[in-house]
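Me: I am new to this structure. Please take me through the terms and how each one is decided.

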Amino acid sequence: MSDATFPLGRIDGVSPTTDFSSVLYTSLLSLEALETAEIEGADVDMDEVYAYHTRGKSGDTENVSRDLQQALNAEQALRDGADAIKSGVSISVALLKSLHETLLKGVRNEGEIVGEWRDSDVHIPSPHRSQSPFVPPPASTVTELMDLLEAYIQIGGEYHPLVDLAITHYHFETIHPCSDVNGRLGRILIVLQLLEASYLSDLYLYPSAYFNRNKQEYVVKMRAVSEEGNWRDWITFFIDGIEDQARNSYERTFELIELRREYET
């Protein structure tokens, strides 16, 4: 935990003090949105995101692909969620439902419920053919379970905040409260909790990149909690991800500083 909290403190200490912090903030926000969309199968790259925002200044933003729209929605949901936390709003069921609606704007599939919890039972195929699918709790229990999770987040657990983060993320994903974009919403929740716990003052971390690189291990370790009660490996994996991405953001900040010096020279 100390290995993770140290680089978190470093990025939150140095990032706002750079005189290009708005560029850094925008870059990391776009990276997180892109990575979280890619995990769910969207085929989009950073050039497309930047090109869209550049065109936006001249009003030419028509003909946006579905995949790009998913990344743009994730950007907006991250921004809206962060603004809410910074203005003093607590993480709640109402906030998560609002962000869910943003994530599905313009990309909703037929039958998907927007801004509300799912009303039907689901099963999630296993990445291994030899394993049975994962079956989340019945739809009839989702409202109660999410209310309990909201209470856990707001009251705070008995563990270190980063451990509580790992516990919360596991429960959110296994409750699987939405008809779609559970993964995206759950990863946004990680960043919002880091903001609410004062580990970050803004969106200087993009944890989705770690989960994107380690998708198989992510699923295996989360499933091991459900099937074997193996919390230790899941929590270690999760906190390693926070540390990894915090170090990455810190290094990226100084690479940008060096790049700027080169340009000025």
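Reply: Start with the surface. The accessible surface of the chain comes to about 12,900 Å², and 48% of that belongs to carbon and sulfur atoms. Such areas come from the Shrake-Rupley method with a 1.4 Å probe, and for residues only the protein chains shown count as cover. This is a predicted model, in which local features need pLDDT of at least 70 and side-chain atom pairs count only at pLDDT 80 or more, while totals for chains, interfaces and linings use all residues. Residues are numbered from 1 along each chain as its sequence is written, and side-chain values use heavy atoms, with hydrogens and water left out.

Me: How many helices and strands does the chain have?

Reply: Eleven helices and zero strands. From the N terminus on, the order is α-α-α-α-α-α-α-α-α-α-α. Helices (H or I, at least four residues) and strands (E, at least two) are DSSP runs, numbered from the N terminus.

Me: What makes tryptophan 117 buried or exposed?

Reply: Its relative accessibility decides. Buried means under 20% relative accessible area, exposed means over 50%, and partly exposed is in between (1.4 Å probe, protein chains only). Tryptophan 117 has 7%, so it counts as buried. Its place is the loop between α5 and α6. Leaving aside neighbours within four places in sequence, tryptophan 117 is in contact with residues including Val93, Leu96, Met146 and Cys178. Contact means heavy atoms within 4.5 Å. In the chain, buried residues make up 48% of the 265 residues.

Me: Why does glutamate 243 count as buried?

Reply: Its relative accessibility is 18%, and the cut-off is under 20%, so glutamate 243 counts as buried. Glutamate 243 sits in helix α11 (residues 231-264). It touches Asp3, Ala4 and Pro7, not counting residues up to four places away in sequence.

Me: What makes the pair of tyrosine 210 and phenylalanine 211 edge-to-face?

Reply: Two tests decide. Rings of Phe, Tyr and Trp (its six-membered ring) pair if their centres lie within 6.5 Å; planes under 30 degrees apart count as stacked, over 60 as edge-to-face and the rest as tilted. The structure holds ten aromatic pairs. In this one, the ring centres of tyrosine 210 and phenylalanine 211 are 5.8 Å apart and the planes are at 70°, so the pair is edge-to-face. Tyrosine 210 is buried at 9%, and phenylalanine 211 is buried at 3%.

Me: Why is the pair of tryptophan 234 and phenylalanine 238 called tilted?

Reply: The ring centres of tryptophan 234 and phenylalanine 238 lie 5.8 Å apart with planes at 50°, so the pair is tilted. Both residues lie in helix α11, four residues apart, about one turn of the helix. Tryptophan 234 is buried at 0%, and phenylalanine 238 is buried at 1%. Tyr210, Phe211, Tyr218, Trp234, Phe237 and Phe238 form one aromatic cluster.

Me: What makes the phi of histidine 176 worth a mention?

Reply: Most residues other than glycine have a negative phi. Histidine 176 has a positive phi of about 55° although it is not a glycine. Its place is the loop between α7 (161-175) and α8 (182-196). Histidine 176 is buried, with a relative accessible area of 17%. Serine 198 has a positive phi too, of about 65°, although it is not a glycine. Serine 198 lies in the loop between α8 and α9 (208-213). At 60% relative accessibility, serine 198 counts as exposed.
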